[in-house]
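Please consult the sequence and the coordinates alongside the text.

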Amino acid sequence: MNTQNNLFKLKTLVLAVGLSSTALVHAQSATEVEQLRKEVKELRSLIEQYATQSKQQGEEIKSYQAQVSASPIQATEKKPAKDKKGLAMSLGGAEVSFYGNVRADASYQAEGGAASRLYNQINTVPLEGTGERSDEFKSTLSATRLGMDFKTATSQGDVGGKVEVDFLGGPNFDNLRIRHAYLTYADWLIGQTWSNFAVPDYMPETVDALAYVGGSVKRTPQVRHTTKFTPKTNLVMALEDPKNASITQRLPALTARLNHQFANNFNVSARAMGHEKRVNNNEEMAWGVGLGAKYEVIPGTTLKADYYHVKGDSSFVSYSNSGVVAQAEGGLVQSEFDSVTVGLTQQFNEKLRGTVGYGYMTFDENQDYINALTNKTAANKDLWQAWANVFYSPTKPLSFGLEYVYGEREAFAAAPNGSKTGEDNRLNVVAIYNF
């Protein structure tokens with residue numbers, strides 16, 4: 001660039017000198033010569049000024065090009081939206097996601113419960129020879145489910161919520177009912193969802209919508225707070241209304257659950273519960289503890305186990321005897337039991353999985369409790385069930401399940417024919433479309 005400028009100046013000077021010489025030869029007077037010299041001087045000044053400006057502009061262009069090369073490109077096009085699964089929309093400032101399933105259940109009952117509904121009734125199956133219902137087909141779509149998740153961003157953090165319903169309400173399990181309805185904010189949850197004490201996380205998978213002995217599908221109204229100690233350890237405290245129709249209460253139940261993940265494949269949960277039980281003017285304190293574990297033995301093979309020991313309560317763990325019974329003189333006596341469920345699930349491939357499971361519940365033979373019972377054949381000394389199932393998903397929205405279950409109950413007292421044992425013997429099938 002400098003070489004070109006110098007050549008330009010040289011040529012310009014040569015031209016100016018030539019013009020000057022010609023002007024000198026033809027000038028008629030000294031005044032004309034002096035005037036010409038001034039014009040040449042002005043021309044030289046203009047040329048030098050132009051050369052300086054050209055150099056500065058060249059340097060600015062180079063600097064700008066370097067900045068553009070070093071800086072990220074600011075795209076004016078819109079970024080492609082992230083793929084969203086399911087049906088989602090905005091409503092009143094909240095993000096709303098809709099989900100659910102259409103579920104058809106059917107059962108062939110070789111021996112089993114007296115109620116017309118097809119789901120688990122192990123604690124009330126008729127004793128042998130006392131009106132068993134055998135060789136019976138049952139079907140329902142009552143477990144069909146609809147749900148909505150909500151989330152609203154605020155200056156104080158996200159506020160979330162859920163509303164989920166199915167049709168397993170009412171005495172005949174065919175009315176609309178609330179499964180979950182709650183809001184979440186920070187570490188708080190207010191509303192109805194799974195009990196903090198009787199969680200379903202550690203139950204082996206079943207086709208039966210109400211699960212089997214040793215597990216629980218209890219949902220309660222509650223106020224819950226979660227304290228996170230580490231990314232792998234948290235403590236959940238809750239006040240719950242167990243909705244036990246057989247008693248009255250002055251205060252809600254207090255529950256606590258400590259969750260810990262030892263490794264990516266091993267989770268445990270320790271729980272505790274305390275609750276005052278009142279019948280008329282008499283009261284007793286119910287309590288319970290629980291311990292659950294989930295362990296992925298090898299990829300695709302998962303072991304689940306759950307244990308409860310409970311005294312004086314029938315609100316939380318399914319299929320238990322009445323927690324308290326009033327004696328003739330007015331005092332209260334409490335039931336006490338231990339229960340366990342264990343199962344192994346194998347994921348054979350992306351479309352096929354299966355589970356084998358076993359559940360057992362045993363009650364203390366407290367003679368005062370037994371004597372206070374109105375119908376001793378309706379209360380159980382032992383319950384157990386064993387099951388095996390397979391689930392097949394030919395495509396993501398569809399799932400088909402087949403399950404066989406066999407179980408027995410042993411009552412505290414024998415029926416008039418001497419029988420103390422009832423039997424549950426069923427084949428269950430299910431078809432589910434998830435959306």
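In this predicted model, the side chain of aspartate 306 forms a polar contact of 2.9 Å with the side chain of arginine 271. A second polar contact, of 3.5 Å, links the side chain of aspartate 306 to that of tyrosine 308. The two contacts are set out below.

| Side chain | Partner side chain | Polar contact |
|---|---|---|
| Aspartate 306 | Arginine 271 | 2.9 Å |
| Aspartate 306 | Tyrosine 308 | 3.5 Å |

Aspartate 306 lies in strand E13, which covers residues 301-311. Is this residue buried or exposed? Aspartate 306 counts as buried because its relative accessibility is 1%, and the cut-off for that class is under 20%. When neighbours within four places in sequence are left aside, the residues in contact with aspartate 306 are Val199, Tyr202, Arg271, Leu291, Gly292, Ser339, Val340 and Thr341.

Phe197 belongs to the largest nonpolar core, which has 31 residues. Phe197, Val310, Val317, Met361, Leu383 and Phe412 are the members with the most contacts inside this core. Strand E13, strand E17 (352-363) and helix H3 (367-372) each contribute at least two residues to the core. Helix H3 provides the largest share, namely three residues.

The pairing of strands E9, E10 and E11 may be described next. Strand E9 (residues 233-240) runs antiparallel to strand E10 (residues 253-263), with eight bridges between them. Within this pairing, leucine 239 has leucine 254 of E10 as its bridge partner. Strand E10 also pairs in the antiparallel sense with strand E11 (residues 266-279), over nine bridges. Here asparagine 259 stands opposite serine 269 of E11. E10 and E11 make up a hairpin, and two residues lie between them. As a general point, side chains in a regular strand alternate between the two faces of the sheet.

Confidence remains to be considered. The protein chain has an average pLDDT of 85, and 80% of its residues score at least 70. Residues 1-28 have a pLDDT below 50, and this stretch makes 14 contacts in the model beyond near neighbours in sequence. Residues 60-84 also have a pLDDT below 50.

Conventions:
Residues numbered from 1 in each chain as written. Heavy atoms only, no water. pLDDT = per-residue confidence, 0-100. Contact = heavy atoms within 4.5 Å. Helix = DSSP H or I, 4+ residues; strand = E, 2+ residues; numbered from the N terminus. Buried < 20%, exposed > 50% of the residue type's maximum accessible area, 1.4 Å probe, protein only. Polar contact = N/O pair within 3.5 Å; in protein donor to acceptor, adjacent residues only side chain to side chain. Core = buried A, V, L, I, M, F, W, Y, C linked by side-chain atoms within 4.5 Å. Pairing = 2+ DSSP bridges.
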